[in-house]
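The following exercises concern a predicted model. Please work through each task with the structure in view before reading its solution.

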Amino acid sequence: MTTSEKDTPRVWRNAQLATLDERLPGLGIVENGAIAVEDGRIAFAGPQSELPAAFAGAETVDCGGRWITPGLIDCHTHLVHAGDRAHEFELRLSGASYEEIARAGGGIVSSVKALRAASEDELVRQTLPRLDALIAEGVTTVEIKSGYGLDTENELKSLRAARRIAEARDVTVRTTFLGAHALPPEMNGDKTAYIDKVVGDMLPAVAAEGLADAVDGFCEGIAFSPEDMARVFDAARAHGLPVKLHADQLSNLHGAALAARYGALSADHLEYTDDAGAAAMAKAGTVAVILPGAFYFIRETKKPPVDLFRKHGVKMAVATDSNPGTSPLTSLLLTMNMAATLFGMTVEECIAGVTREAARALGLVDEVGTLEAGKWADFALWDIGRPAELVYRMGFNPMFARVRSGQ
C-alpha cells in the first residue's frame, strides 16, 4: 500500500452493517449504513444519515445494499504443516480411535516426521493454498500454531514459516508456540525431560527471536498433565507471553480451570469441561473456543457444554482447528454451520464467534473484530439477504469483496 493510498479517505455507503458493536443489541445491525475509513482505520461506522461532513468529498464505494461484517477471524489453526494424514482417516473409518492411532505412532508424531523433513520454503509453499481458502471466505486475521516440530530447530522453522505467510498474503497472522503438543519419539516416553526442553530451550529461543504472540499446550492423557502445563505457563509468564490451552477435549483433566487460573486468552475444544471450569473461565475472562471440525472429524459424541458457557457468561469463539489429522478444514463459513447444527449455537453466537469473540481470543479485540471507530478497517461485503445466510448455507461462498486496512 502506498502512502497516498493509505491516507486517502474512503466511504463505503449504501450498505447494511452487522457491526458486532457490544453497545448495540444482537449483531449491532445498522440499516442503510456507511463506513468511513482514514489511514487504514475506521473513522465512522453507523447510519449513512449521520456520516460526518468531513467525509463529504471522500472517495465513495457504493455497496449496492450489500451486507458488511467485520473481517472474519480464524483464531485456532495449525495451518503450517507438511503432507497429510489421509491414511489415518481410512484407519479411523475402519474403527480405530484417535488414541489408538496416536499410541501406534500415528497422529501428531507422523506430522512431526513430515515437518522435520520439509524446508521452511516448502512449508510456506504448502501452507499458502490452505490460507488462500480462508482468505477467499473473508478471513482477514488468522492464528497459526507451531507444534509439529517438537525440537528447537523445527519449532523455530515452523514459526518463521508462519511469519512469512503474513508477508506473502495481505492478512494479519498471530503466531502461537505449541511446543507442548506431543512427546517426540526421541524422548522415549520421558515427558518430564521433554517439558524441561520446552521451558529451558525452546521457549527461550522462540522468545529471543520474537516469533510467538502466545504460548499453547495440549493438556490431555495422551499429551501432557496439568502439572506439565503449569510449568510451561510459568515459563511463558516469565517471558511476558500470554497463554492458551487445548483443554478437556477427550477427558476432564480440569484444563479449563487451569487455563483460567493463568488468565489464559482462551481454552479450546472443551468437550468435557464441567460447571466449575466454565465458572472459572467466566471469572477470568478466558474465551471458550469451540472447534466443531475436530468433533465432527473424529466422530466425538461428547459435545462442548454450550449451555454452561451461556449460563456463566463465558464468551464463545468459533474456529476451524485446521490441521492435517483431526480437522482438515479450511472453511470458516462451514465451521459456523457446524457450530449451529452440531452444538446448537445461534446465528448471533456463530457470527460473533468468528469476529468479535475470535478477536478477543487472540487479545486483539481492541484492534479488530467489530465495525467501530478506531479499529482497523478489516471487513467483508456479502451478497446475502440476511446475516443468517452466512451460517445457514453449506459449501456456498457469498463473499463479494474483502477489505483489509481500508484497501
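**Exercise 1.** Determine how many residues the largest nonpolar core has, and which of them have the most contacts inside it.

*Solution.* Step 1: the largest nonpolar core has 95 residues. Step 2: those with the most contacts inside this core are Val142, Phe177, Met229, Val232, Phe309 and Met345. Step 3: among the elements, α7 gives the most to this core, with 7 residues.

**Exercise 2.** Identify residues in contact with valine 142, leaving aside its neighbours within four places in sequence.

*Solution.* Contact requires heavy atoms within 4.5 Å. With that cut-off, the partners of valine 142 include Asp74, Thr77 and Leu79. Leu131 and Leu134 are also among them, as are Val171, Thr172, Val173 and Arg174.

**Exercise 3.** State the order of the strands in the open sheet and the sense of their pairing.

*Solution.* Step 1: the sheet comprises 8 strands in the order β6-β7-β8-β9-β10-β11-β12-β13, and the pairing is parallel. Step 2: β6 (72-74) and β13 (316-318) are the edge strands, each pairing on one side only. Step 3: from one strand to the next, the twist averages 25 degrees. Step 4: helix α7 (residues 191-208) packs on the sheet, where it touches β8 (172-180) and β9 (214-219). The direction of α7 makes about 150 degrees with that of β8.

**Exercise 4.** Describe the largest cavity by its volume and its lining.

*Solution.* Step 1: the volume of the largest cavity is about 120 Å³. Step 2: 14 residues line this cavity, and His78, Tyr98, His181, Asn323 and Thr326 lie nearest its centre.

Notes: Residues are numbered from 1 along each chain as its sequence is written. This is a predicted model: local features need pLDDT of at least 70, side-chain atom pairs count only at pLDDT 80 or more; totals for chains, interfaces and linings use all residues. Side-chain values use heavy atoms; hydrogens and water are left out. Two strands pair if DSSP finds at least two bridges between them. Helices (H or I, at least four residues) and strands (E, at least two) are DSSP runs, numbered from the N terminus. Axes are lines fitted to C-alpha atoms, for helices over the stretch in contact, and angles run from 0 to 180 degrees between N-to-C directions. A nonpolar core is a set of buried Ala, Val, Leu, Ile, Met, Phe, Trp, Tyr and Cys residues joined through side-chain atoms within 4.5 Å. Buried means under 20% relative accessible area, exposed over 50%, partly exposed in between (1.4 Å probe, protein chains only). On a 1 Å grid over the protein atoms alone, a cavity is a set of points where a 1.4 Å probe fits but cannot get out, and a pocket is an open set with protein on both sides within 12 Å along at least five of seven lines; lining residues have an atom within 4 Å of a point. Grid points are joined across faces, edges and corners, and a volume is the space filled by probe spheres set on the points.
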